[in-house]
Every structure is written in C-alpha cells, then in structure tokens.
Amino acid sequence: MSVNQLDTMIKHSITSPSQLLANNLAKVVQGVGDFLLLLDIDGTLSEFHSDPQQSFISNDNLAILAQLQNHLPLWLVTGRSVADARRLTAPLKLPVIGSHGLQCDTLIDSYCLVDIDSAQLQQINQSIVNATGDNPHWRIEQKPFGVALHFREHPELADSALTIMQAIGHDFNDWQLKAGKCVYELLPQGVDKGSAINHVLKHYHPHCRPIFIGDDMTDEAGFIAVQSYGDTSNKKGSDIKGIGVKVGCEPTHAHYYVNDVSAVTALLQGLLALCQS
C-alpha cells in the first residue's frame, strides 16, 4: 500500500473509536479464552524516542507480557526487524511479525512472506545515502528487507524526506513507500501488517479472536484485518470479530483507542487480571 493510498484510506475513515479502559475491558472482550494478542512495539509498548536505537520497553511491560504469554498466544507486530524486536523484548521469547509484515518468526521457523531483491535493496540504500549527503540531521536505517529514512529529531524535514523517498521509489517499481511517525521507508511490494496478521491467523491461530494494539499509520492495515476477521469454523460464529486498538487520538479505522503508552500498560494489566480471574 502506497503512502497516497494509505493517506486516502485514513482521511476517509468513518470510525469514531471508543476509549478502551481497564474497567470496561471485560464488557468489550466478553471472555478471553480464545484470544490472540498482537502488539506493536514503538509508541505502543515503548515510548517514542528520537533515536530508534535508544528505545526500550519498561520492566513493567516486560513483566506483564511474561505473565500474559502463559494465558494466551502473544505476537509482536512491528516495523522493526525480528532481531531488533528480540533485543527489545529480551529475555522473553515471543513470535514476531517483523519489518512491517515481511518477516514471520514463529520461534520454530523463520521466513519471508515475499521475495527480496538484495541487489535492489543495496541500490536503494546507496541512493538514499547519496541524496542525503553528509547532513547529520538524517538517520538512515538499512533493515534486512528495507531502508528507512528517519527524521525524528528534525520533524521540519518531513517534506524533504518525502520528496527524496518518492523520487528514489519511482525508480523501483517493485518497492512501496510506507509512512510512519517521522520516518519514510521503502519496502518490497505485496505485504503489510494486515496481510501478515491474516497469515498468522490462517496458519497458526485459526480459532482465535485477534486483538491488535498499535499507534502508527502502518498499523491501520492491521486494524482493518483483525476487525474483518471471523472464523466461520468457530462455534461462536463469524459475527465475532477481532478488536483494533489505536494508541493516540489520530484518525483511525480502529474501533477503540487508548491515550498513550501508559494506558496500554493499564490495559494489559486489566487483560492479565481477566485471564487470572
């Protein structure tokens, strides 16, 4: 999905999300026995940091995740690589959808959901390096399956970043441009967080009701996927849909929202309490 397509999708969102709090969680989930919990990292489990390498997940959140995984299946769904997700969540061992849906790591098996042209990846990286020069305000991150241009410390560079990445992407038809919080990223066409979540549901958790919590534009495809999902083989019927939870108050397709990372912590604590009750 291109930046323009995603922008149009957001602008035409008709969702007026309801605030999801720990004290109304039980009414919304109506039991937790068949849930699959899917969690973004940056801006959801960890506070947004100007330098992505300085981000961390609090010990409180790690402790809650450690207990939750004893009660229900739990996956990370992140724009970070699988290796980076592992670093941030150590010592936990959780399955990961990485690189915006390009990587799937089940803890038993790890594979790509699309083919990667390594030569083009290197060409894209070099093109971004050439376009940004020696300007220290840019932060280039080459991932295993894409290249990101960050400007978290200098948000005034947003228009310049978009111009650079659109120009480079124009020369690579098999790659798509994704927009995030103070970042643009070129990735292979054909997959996003929504399609990757559907892959996980189909192949690993077909009888589960998904809950996905995320904060960024790249999470919108995930919200649509979980809220459209219904397992027709489940005795509860396909009218039981998944739950999308947006972190923040920006326009969204998610049916629910929480205010910030601390509210995510409270929500996860509430979910754990339901699991233990």
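Because the model is predicted, local features need pLDDT of at least 70 and side-chain atom pairs count only at pLDDT 80 or more, while totals for chains, interfaces and linings use all residues. Residues are numbered from 1 along each chain as its sequence is written, and side-chain values use heavy atoms, with hydrogens and water left out.

Confidence is given as pLDDT, the predictor's value for each residue on a scale from 0 to 100. The protein has a mean pLDDT of 88, and 90% of its residues reach 70 or more. Helices (H or I, at least four residues) and strands (E, at least two) are DSSP runs numbered from the N terminus. Confidence is lowest in helix H1 (residues 3-11), with a mean of 48, and highest in strand E3, at 98. In two stretches pLDDT stays under 50: residues 8-12 and residues 231-238. Contact means heavy atoms within 4.5 Å. Beyond four places in sequence, the model has 8 contacts for residues 8-12 and 10 contacts for residues 231-238.

Two strands are said to pair if DSSP finds at least two bridges between them. Strands of a sheet pair through backbone hydrogen bonds, either parallel or antiparallel. An open sheet is formed by 9 strands in the order E1-E13-E12-E11-E2-E3-E4-E5-E6, with mixed pairing. At its edges are strand E1 (18-19) and strand E6 (110-112), each of which pairs on one side only. Within this sheet, E3 and E4 are parallel and share 2 bridges. Opposite Leu-76 stands Val-96 in E4.

Strand E8 (residues 146-150) has two antiparallel pairings. E7 and E8 pair over 5 bridges in the antiparallel sense, and a hairpin of 2 residues joins E7 to E8. Gln-142 has Val-147 in E8 as its bridge partner. E8 is also joined by 4 bridges to strand E10 (residues 183-188), and the two run antiparallel. Here Tyr-184 in E10 stands opposite Leu-149.

E8 is mostly covered, as 5 of its 5 residues are buried. In a regular strand the side chains alternate between the two faces of the sheet. In E8, Gly-146, Ala-148 and His-150 point one way, Val-147 and Leu-149 point the other way, and all are buried.

Helix H4 (residues 82-89) has Val-82, Asp-84, Ala-85, Leu-88 and Thr-89 as its buried residues. Seen down the helix axis, these residues fall within an arc of 160 degrees, so they line one face of H4; the arc is that of the directions from the helix axis to the C-beta atoms. The cover over them includes helix H3 (59-68), strand E3 (74-77), strand E4 (96-98), strand E5 (103-105) and strand E7 (139-143).

A salt bridge is a side-chain nitrogen of Lys or Arg within 4 Å of a carboxyl oxygen of Asp or Glu. The structure holds 10 salt bridges. One of them joins the side chains of Lys-193 and Asp-40, at 3.4 Å from N to O. This pair links distant parts of the chain, 153 residues apart: Lys-193 is in helix H7 (residues 193-203) and Asp-40 in the loop between strand E2 (35-39) and H3. Both residues, Lys-193 and Asp-40, are buried.

Because Asp-84 and Arg-87 are 3 residues apart in helix H4, about one helical turn separates them. Asp-84 is buried, at a relative accessible area of 10%, whereas Arg-87 is partly exposed, at 40%. A network of salt bridges links Asp-42, Arg-80, Asp-84 and Arg-87.

Asp-215 and Lys-181 also form a salt bridge, their closest N and O atoms being 2.8 Å apart. Asp-215 lies in the loop between strand E11 (209-214) and helix H8 (220-228) and Lys-181 in the loop between strand E9 (175-180) and E10, so the bridge ties together parts 34 residues apart in sequence. Asp-215 is buried, with a relative accessible area of 3%, and Lys-181 is partly exposed at 27%. Leaving aside neighbours within four places in sequence, the contacts of Asp-215 are Asp-40, Asp-42, Gly-43, Thr-44, Lys-181, Lys-246 and Val-247.

Definitions and conventions
Buried means under 20% relative accessible area, exposed over 50%, partly exposed in between (1.4 Å probe, protein chains only).
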